[in-house]
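Let us take a walk through this model together, one chain at a time. Please keep the viewer open as you read.

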Amino acid sequence: MPQQGEQRVFVRARKHFRPRYSVNEARLGGLILLALALVGAWIAWRGAHADPSLTAAGPGLPRRSAEKVDRGPLPAELALPGWREENLAAFGPSDLYVKIDGREGYYKALGFERLHCATLVGPGGAPTVDLELYDLGRAGNALGAASGELPQGAQPSFQDGSLALVDKNALFLTRGKFYLRAVGSDEGPAVRAALARVKERFLASLPAERMPWPYALFGELGVAPAKVSYLAENAFSFGFASNVHVGLLPDGDTELFVAPAADVPRARALAARFEKGFAEYGEPLGRRAGVSWFKDRYLSRASAAGREGRLVFGVHGAADEKVGAALLGRLGAAVRALPGGTDFSAPAAGAKEE
Amino acid sequence: MSQVIVTPGWVKRGMRPNKDGSPWWARAFRITRIRVASQAFFFALFVFLLWCTWFSRLRGYPVSLFLEVDPLVGAATAISNHTVYRWLWRGLLVLVPTLLLGRAFCNWMCPYGTLHQFVGWLFNIWTNRDNMGRNRYRPAFQIKYLVLAVFLVMAALGSLQIGLLDPICLLVRTFTTAIAPAADLAHANLAAALRVRLGMDPEPLLFLSSAPGALEQRVFRGAWFVGAIIVGLVGMNLVIPRFFCRVLCPLGAFLGVLSRFALFRIDRDLTRCTDCDLCLRRCEGASDPHQALRKSECFVCMNCIDDCPEGALSFRLAPLPVKDRILGDLSKGLATLFGEKVISKVPETERAAPAVARRRWVFAAVGGVLAYPFLRLSAAVNKRGFSPKAIRPPGSVEESAFLERCIKCDQCIRVCPTNVLQPATLSQAGLEGLWTPVMNFAIGFCQLNCTLCSEVCPTGAIQKTPLARKLGVGAFADKGPISIGTAFFDRGRCLPWAMETPCVVCEEVCPVTPKAIGTYEEEITRWDGKKVVLKKPYLRPELCIGCGICEHECPVVDSAAVYVTAVGETRSEDRSLLLEASRKAKERT
Amino acid sequence: MGDDAYLRDSRRHFLRQAAIVAGGAAATGALTWALRDPDGERGKAHRPQIELPPGGYAVERSAVLPALGVAEGQDEARMVRAAIDAVGGIGRFVRPGDVVVVKPNVAFERSAALGATTNPEVVRALVALLREAGAKQVRVADNPIESPEACFVRSGVQQAALEAGAQVVLPSARDFDTLSVPGATWIARWPFFWRPFAGATKVIGVAPVKDHNLCRASMTTKNWYGLLGGRRNQFHQDIHGIIADLALMMRPTLVLLDGTRVLFRSGPTGGSLADVRPGNAVVASTDSLAADAYGWDELLGRGAEPLPAYFAKAAARGLGNPDWKSQVVRKVRAG
């Protein structure tokens with residue numbers, strides 16, 4: 001009915017009119033359906049058999065663990081029971097970018113030589129811990145790299161000449177010239193247990209190196225490794241002040257310094273010149289802890305220099321002479337405690353200490 | 001205890017033997033039903049392959065299969081570039097059966113035809129009588145042959161434009177630019193609603209997304225235009241049934257020309273036909289089965305066979321026209337044919353060739369000859385005037401060869417994981433390059449280790465490129481990497497150069513090694529007295545591959561301070577920037 | 001059912017259709033097979049490559065004849081003849097029936113007096129001499145930087161060449177083919193203005209003496225730059241390298257260094273008469289490096305400065321000897 005037809009949107013099919021049907025036609029239809037099924041099967045087969053070149057990893061992707069990769073200095077048995085180690089890989093300066101594209105400059109500036117990495121996978125596939133062990137050639141570089149990556153305000157512990165910090169889901173560890181960073185996939189107890197194991201294995205298998213003495217010395221007094229610097233000349237704008245190691249305390253103003261001299265008479269002379277230098281810049285504050293203190297007329301902070309053997313040491317920019325004296329006392333004790341065979345020669349030119 | 005199986009009433013009715021004595025399955029599996037099954041199968045396969053054209057689903061599926069079996073694609077590209085690239089020989093799988101059976105493709109395989117037929121069937125509000133009128137042949141159906149002639153002549157001259165109207169290209173393009181992003185949007189909203197309102201895991205709905213894992217909603221320029229076209233063309237089915245297939249489709253025209261000598265056709269038995277015209281009721285091709293069947297228009301849908309109450313129509317092998325065998329006077333109803341009475345008053349049963357007058361073919365060809373220079377000379381295929389922002393995918397052939405091959409199917413755009421490939425607008429590549437792929441680095445960037453676009457291109461406009469060739473490593477180390485352009489710094493917009501502000505995002509993200517962006521360090525005192533070390537970027541053109549990640553990541557998002565143009569692309573000698581690169585380009589060919 | 005005729009026709013109809021279908025299918029299949037391109041290699045553009053004759057167009061070296069012939073004077077026609085006679089006479093170089101290509105420098109749309117192009121009178125004299133020697137055809141050709149027609153006309157070379165009986169070959173897009181120069185650094189394969197060289201047997205370059213802002217002097221060796229097509233503007237990135245390549249590309253029969261005017265500064269385009277001074281010399285040589293070195297020392301007057309780098313590069317390839325003083329030079333006065 002025309003009127004009804006115009007109202008409706010969907011219309012059911014009307015029946016057809018043919019009077020006769022053919023068995024042969026139906027048989028042909030069956031064959032056609034079979035052909036369609038074969039086409040479908042071919043598509044499914046093609047889907048299951050992909051062209052291997054399409055799925056192969058590109059030349060720049062990290063190698064799969066199936067290949068033999070040198071473990072390098074990675075200790076054995078890093079994984080806890082139930083965990084497994086995967087994705088062993090190693091990178092040199094020419095292909096470091098493959099692993100950490102964009103950040104490679106940071107490590108290359110710090111004397112990067114080799115990176116060994118691995119992933120620890122927990123039971124059932126989760127959680128995971130990614131390990132990166134950097135060989136940076138020198139202990140100073142390792143310390144510098146680690147301190148540059150520590151979270152803000154973190155206070156690492158120093159033991160056996162190693163810097164170590166476990167923070168939430170990450171472990172930062174230096175051991176001699178090696179810097180290890182291990183990052184877990186979450187902050188849960190399983191990850192912390194895995195990190196503790198990693199730390200223990202590293203400390204056990206990598207040789208302890210004596211931390212460079214300025215880091216050890218200043219570190220004991222609370223100076224972060226990043227804040228330890230070496231001034232070859234002109235320290236504190238003093239023309240005579242060469243070969244000075246300086247550590248900046250967390251307050252940002254107070255500096256501790258140690259300047260090795262060639263022998264005791266020269267040390268004596270150097271200490272005297274420091275005293276004279278501080279005097280020129282400020283007013284005397286009297287003697288404390290066996291040395292004369294001076295207040296800088298511009299910065300209003302107290303400085304003094306003392307001597308122990310052939311080492312001149314001192315405090316520059318303490319809040320006042322009382323605080324300074326306490327620091328000086330501790331610094332002096334630390335200097336006295338330095339082992340006899342410590343090498344005080346100037347660090348090699350071009351070495352980054354920060 | 002015996003089990004009682006209750007058969008539903010409709011099944012029982014369906015399984016009764018037919019009135020003519022043939023078994024129930026002769027009706028259940030009659031040819032029109034098989035045809036519907038075939039249409040449904042190929043449409044589902046088509047949608048499935050489109051759905052699979054995404055790196056996480058790709059596996060080994062032949063995702064460009066429909067474009068490869070499209071014989072017009074193979075024939076036109078063979079005409080324009082004189083080769084049959086890669087899988088395009090599969091066009092023979094449709095072409096040879098067409099020689100035998102006529103335009104069966106149009107109603108058994110073509111997904112676009114299925115779409116049009118389905119919409120027409122769904123919204124069919126007309127009476128039988130009206131439908132019989134709507135399905136008669138119209139002279140307007142000649143247009144598709146003229147369109148075909150224009151396109152083939154242009155292809156012969158070197159400009160491939162069949163992609164504008166080829167049904168498979170059109171449907172793939174529509175899906176890519178309009179439908180898939182819409183589906184993604186719907187999925188995203190649905191998944192968000194599920195997760196937020198109902199607290200359910202939306203993971204099972206992931207199949208609705210066309211690009212799972214894409215970081216952002218995919219966008220495609222000019223999608224509104226493509227969407228309007230599909231809505232318009234599909235909507236036209238309510239004016240003329242199968243409008244596109246009958247009036248515009250160049251593939252249909254191509255198959256129609258090839259159907260001229262088809263061995264099989266619908267044959268009308270003059271001794272049974274009563275001229276009731278009911279066969280026109282659902283005739284898809286409007287091929288006049290009630291009179292002289294137009295072989296070039298018949299879609300072999302078999303609906304006329306289903307609708308003839310006399311059973312006068314059948315699909316037969318090489319039926320001979322019988323007009324000359326009729327004895328007696330037809331108009332008075334006294335004629336006989338082979339001793340039987342002829343009922344129909346129309347003796348013609350076949351019209352083999354398309355009803356296009358010769359002069360119209362000639363005019364169309366002339367139109368094609370004229371269209372070529374008009375289009376080519378206004379487009380940017382020359383040494384100096386090329387559009388610098390028409391940056392082609394890596395692995396593309398040089399521009400004039402590209403325009404001989406690209407069928408604007410947008411498969412490359414579909415598979416591109418970063419959404420950087422976009423269909424070109426008129427201003428970027430002219431009418432000749434409309435909907436061809438160009439890069440838009442404001443939207444995405446070219447991933448270093450990806451060659452998916454070259455894998456899915458059916459015609460070799462983007463040649464299949466192994467990854468080692470793209471990166472210029474291994475066996476291809478002497479040729480160097482493929483570059484699609486060169487980055488330029490706009491120092492007036494760059495933060496360290498013009499605004500005393502440190503930034504080196506471009507240098508950080510540059511993926512090549514050594515990096516193509518270097519920096520000059522300079523310490524300055526800012527206007528507010530702060531000392532700051534600026535790293536001012538500069539470009540190393542020998543290393544830049546034009547991937548555009550620098551432009552994409554540049555924080556100056558209104559108009560990036562580092563931008564890529566097409567100069568320096570390795571596929572073209574004319575557009576090379578550096579002498580060394582130019583020499584390598586020459587060695588490559 | 002039906003008569004036999006119908007059956008016969010029906011069968012014939014079927015066979016005809018079947019034959020057409022089978023033939024069509026077979027033809028299409030065969031064509032598809034013939035044009036198949038499974039990996040895209042076949043579809044890649046392969047441009048035809050040409051090569052110049054091995055050894056170029058040079059004639060046999062002579063142990064006795066001078067390497068350089070210098071004619072000093074003011075009458076171009078007599079200077080040209082005298083210079084060529086000094087190195088053995090035109091008969092040594094051109095035989096009757098030869099097709100000779102004369103390559104002047106017509107790079108810029110400047111009148112002859114400005115010294116940026118070859119003196120048309122020198123071209124006229126040379127062409128006349130060649131016709132006298134029996135050359136079947138003389139083609140004067142160059143691919144200028146500016147519009148070819150305008151450059152040839154404004155410089156006067158077109159008129160001089162045509163009047164003397166030569167053909168002028170102006171370049172168009174179709175006239176370039178890819179030339180293969182084995183051993184070259186930059187132009188191992190490069191578009192080359194091939195049309196005038198098709199069928200040519202002798203090649204003579206005629207270059208003016210010009211200062212050059214990039215390579216310091218442009219004379220007979222750099223003259224061949226005008227035969228290159230494509231993106232030759234990139235060669236300024238290694239100008240000395242490309243000149244050494246040009247010397248490798250083209251071994252001419254003879255070069256003439258047109259020293260009638262010397263563009264001694266603001267080259268190669270010049271533009272002011274103040275940049276030009278009379279040189280009053282024409283040099284003929286089989287060795288472009290020697291001719292150029294003579295021009296550098298004597299005509300540009302820069303003997304005190306070291307030679308531009310391209311001399312050493314080209315000499316290292318064995319393409320000439322810049323030490324003209326050590327070779328036999330014959331100087332004549334020619335009016």
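The model is predicted, so local features are described at pLDDT of at least 70 and side-chain atom pairs at pLDDT 80 or more, while totals for chains, interfaces and linings use all residues. Residues are numbered from 1 along each chain as its sequence is written, and chains are lettered from A, with ligands numbered from 1, in the order in which they are written.

Which chains share the most contacts? Of the two pairs of chains in contact, that is chains A and B. Here, two residues are in contact if their C-beta atoms, placed from the backbone, lie within 7 Å. At this interface, 44 residues of chain B meet 37 residues of chain A. On the chain B side, helix 3 (31–52) is among the elements that give two or more residues, along with helix 2 (24–28), helix 15 (303–307), helix 21 (467–471) and helix 23 (505–509). Helix 3 of chain B provides the largest share, six residues. Helices (H or I, at least four residues) and strands (E, at least two) are DSSP runs, numbered from the N terminus. By class, this side of chain B holds 26 nonpolar, 10 polar and eight charged residues. In this sorting, Ala, Val, Leu, Ile, Met, Phe, Trp, Tyr, Cys and Pro count as nonpolar, Asp, Glu, Lys and Arg as charged, and the others, Gly among them, as polar.

Chain B also meets chain C: 34 residues of chain C are in contact with 32 residues of chain B. Helix 1 (4–34) of chain C, strand 1 (36–37) and strand 8 (189–193) each give two or more residues to the chain C side, and the largest share, 14 residues, comes from helix 1 of chain C. The chain C side has 13 nonpolar, 13 polar and eight charged residues. Strands take part here too, with strand 1 (residues 84–85) of chain B and strand 1 of chain C pairing in the parallel sense over two bridges. Two strands pair if DSSP finds at least two bridges between them. B:Val84 has C:Arg36 as its bridge partner. Chains A and C, by contrast, are joined by no contact, and their closest C-alpha atoms lie 15 Å apart.

Now turn to chain A. It is divided into domain 1 (84–205) and domain 2 (213–336), with bounds that come from an automatic or database domain assignment. Their C-alpha centres lie 34 Å apart. Eight residues from domain 1 of chain A and six residues from domain 2 of chain A make the contact, and on the domain 1 side helix 6 (residues 139–149) of chain A gives the largest share, five residues.

Further along chain A is an open sheet of seven strands in the order 8-9-10-14-13-12-11, with antiparallel pairing. Strand 8 (228–231) and strand 11 (282–288) of chain A stand at the edges with a single partner strand each, so one side of each is left without a neighbour in the sheet. Within the sheet, strand 10 (residues 255–260) and strand 14 (residues 311–318) of chain A are joined by six bridges, and A:Pro260 stands opposite A:Leu311.

In chain B, strand 2 (residues 264–268) has five of its five residues buried, so it is largely enclosed by the rest of the structure. A residue is buried if 20 or more other C-beta atoms lie within 10 Å of its own, exposed if 12 or fewer, and partly exposed in between, with C-beta atoms placed from the backbone. Five bridges join this strand to strand 4 (residues 313–317) of chain B, and the two run antiparallel. B:Arg268 is the bridge partner of B:Leu313.

Finally, look at two loop residues with positive phi. A:Phe236, in the loop between strand 8 and strand 9 (244–248) of chain A, has phi near 55° and counts as partly exposed, with 19 C-beta neighbours inside 10 Å. B:Met302 lies in the loop between strand 3 (293–294) and helix 15 of chain B. Its phi is about 70° although it is not a glycine, and B:Met302 is buried, with 25 other C-beta atoms within 10 Å.
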